[in-house]
Amino acid sequence: MPRVITVTLVLVSFCFLIVSVLGVFKVGCQIPGNLLFAITGSKLGFTASRGGVILAFLFMHLHIVIAFALVLFPAMFMAERVVLGLHKQEGIAKDIDVIDLETPKDLSTDLLQHDDPSAAYKAPGAYLKAAVLRTIMVALCVVVAIAFKDKFGDLLDFIGASATSTCCMILPIAFYLKTFWVKLSKAEKCFAVLSMVVTTALAIYVSIKTGIALFSPTESATVFPFCPVEYQQVVYTNRTHYKF
């Protein structure tokens, strides 16, 4: 399993790095917050291949469908436990050290005994209640997306900086340190703590910046605020405006 995780993280990081490098290489400081939306038109000063645009959106749709389910399912599971009282029983797992001390026997079916989460839905009316609760949660997500449709990019940035960084980076490292603190080397501890501090600082900073843009936006005539003054209004690929 660690090898699978390592290979996956390296591959995903490499793909993200390629996308970021190519994007900055092509449009520099004028890179938009969402490349997919930008390449559908001529905002960047060029017209992308229609087939490439369609393929990009299809793959993004596939990514969103998978990611949405993966991100929302734990929240649904917890909501069913808190609101409906389902999934209350804890799994029974024998400690490996204890198993080693027991009289040798066939442990193929007795090594780990876990409750089947789907068993909770077999109670009368439980499945219908869970379906209604999950439908409501999805509907709330849709309502929020529609309500912030004009600021959807800022909404994603705000959630990514606040909730996603907390759930996917800060808390996992904190739980890892809490569980394996006595077994970790000083180098691992220092790296983990440093990662938490840096991630927390960046999360707070970006949350504040995106929160201001989302909840208290200010009108600005600057099209590309991250560029030097001479490149803040017109896309740099406009050869009639810029004389190279």
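How much of the chain over residues 155-177 is helix and how much is strand, and how far apart are the end C-alpha atoms? Over that stretch the chain is 100% helix and 0% strand, with 31 Å between the end C-alpha atoms.

1. Basis. This is a predicted model, in which local features need pLDDT of at least 70, side-chain atom pairs count only at pLDDT 80 or more, and totals for chains, interfaces and linings use all residues. Residues are numbered from 1 along each chain as its sequence is written, and side-chain values use heavy atoms, with hydrogens and water left out.

2. Annotated segments. The unreviewed UniProt entry carries the annotation "transmembrane region" for residues 53-79, 131-149, 155-177 and 189-208. UniProt positions follow the numbering used here, feature names are shortened, and such annotations may be inferred rather than shown by experiment. For residues 189-208 the model gives 100% helix and 0% strand, and the end C-alpha atoms are 29 Å apart. Helices here are DSSP runs (H or I, at least four residues), as strands are (E, at least two), numbered from the N terminus.

3. Helix α7. This helix has 30 residues and spans 42 Å from its first C-alpha to its last, close to the 44 Å expected at 1.5 Å a residue; the expected span is 1.5 Å times one less than the number of residues. Its buried residues are Lys189, Ala192, Ser195, Thr199, Ala203, Ser207, Thr210, Gly211 and Leu214. Buried means under 20% relative accessible area, exposed over 50%, and partly exposed in between (1.4 Å probe, protein chains only). The buried residues of α7 pack against α6. As background to such a pattern, an α-helix has 3.6 residues a turn, so residues three or four places apart point the same way.

4. Serine 207. This residue is in helix α7 (residues 186-215) and counts as buried because its relative accessibility is 15%. A polar atom of its side chain lies 2.6 Å from the backbone oxygen of alanine 203. The side chain of serine 207 also reaches the backbone nitrogen of serine 162, at 3.4 Å. A polar contact is a pair of N or O atoms within 3.5 Å; within protein, one must be able to donate a hydrogen and the other to accept it, and residues adjacent in sequence count only if both atoms are side-chain atoms. Leaving aside residues up to four places away in sequence, serine 207 touches Phe158, Ala161 and Ser162, where contact means heavy atoms within 4.5 Å.

5. Serine 165. Serine 165 belongs to helix α6 (residues 152-180) and is buried, at 7% relative accessibility. Its side chain reaches the backbone oxygen of serine 162 at 3.4 Å. Beyond residues up to four places away in sequence, serine 165 touches Gly160, Ile170, Thr199 and Ala203.

6. Salt bridges. The structure holds three salt bridges, each defined as a side-chain nitrogen of Lys or Arg within 4 Å of a carboxyl oxygen of Asp or Glu. One of them joins the side chains of glutamate 80 and arginine 134 (2.6 Å, N to O). That pair links distant parts of the chain, with glutamate 80 in helix α3 (residues 50-84) and arginine 134 in helix α5 (residues 126-147), 54 residues apart. Glutamate 80 is buried, at 0% relative accessibility.

7. The other two bridges. Aspartate 150 pairs with lysine 149 in a salt bridge, the closest N and O atoms being 3.4 Å apart. Aspartate 150 is exposed at 69% relative accessibility, and lysine 149 is exposed at 55%. Aspartate 154 and lysine 151 meet through their side chains in a salt bridge (3.6 Å, N to O); lysine 151 is partly exposed, at 32%.

8. Aromatic pairs. A search of the whole structure finds five aromatic pairs. One of them is phenylalanine 73 with phenylalanine 77: the ring centres are 6.3 Å apart and the planes lie at 45°, so the pair is tilted. Rings of Phe, Tyr and Trp (its six-membered ring) pair if their centres lie within 6.5 Å; planes under 30 degrees apart count as stacked, over 60 as edge-to-face and the rest as tilted. Phenylalanine 73 and phenylalanine 77 are separated by about one helical turn because they are four residues apart in helix α3.
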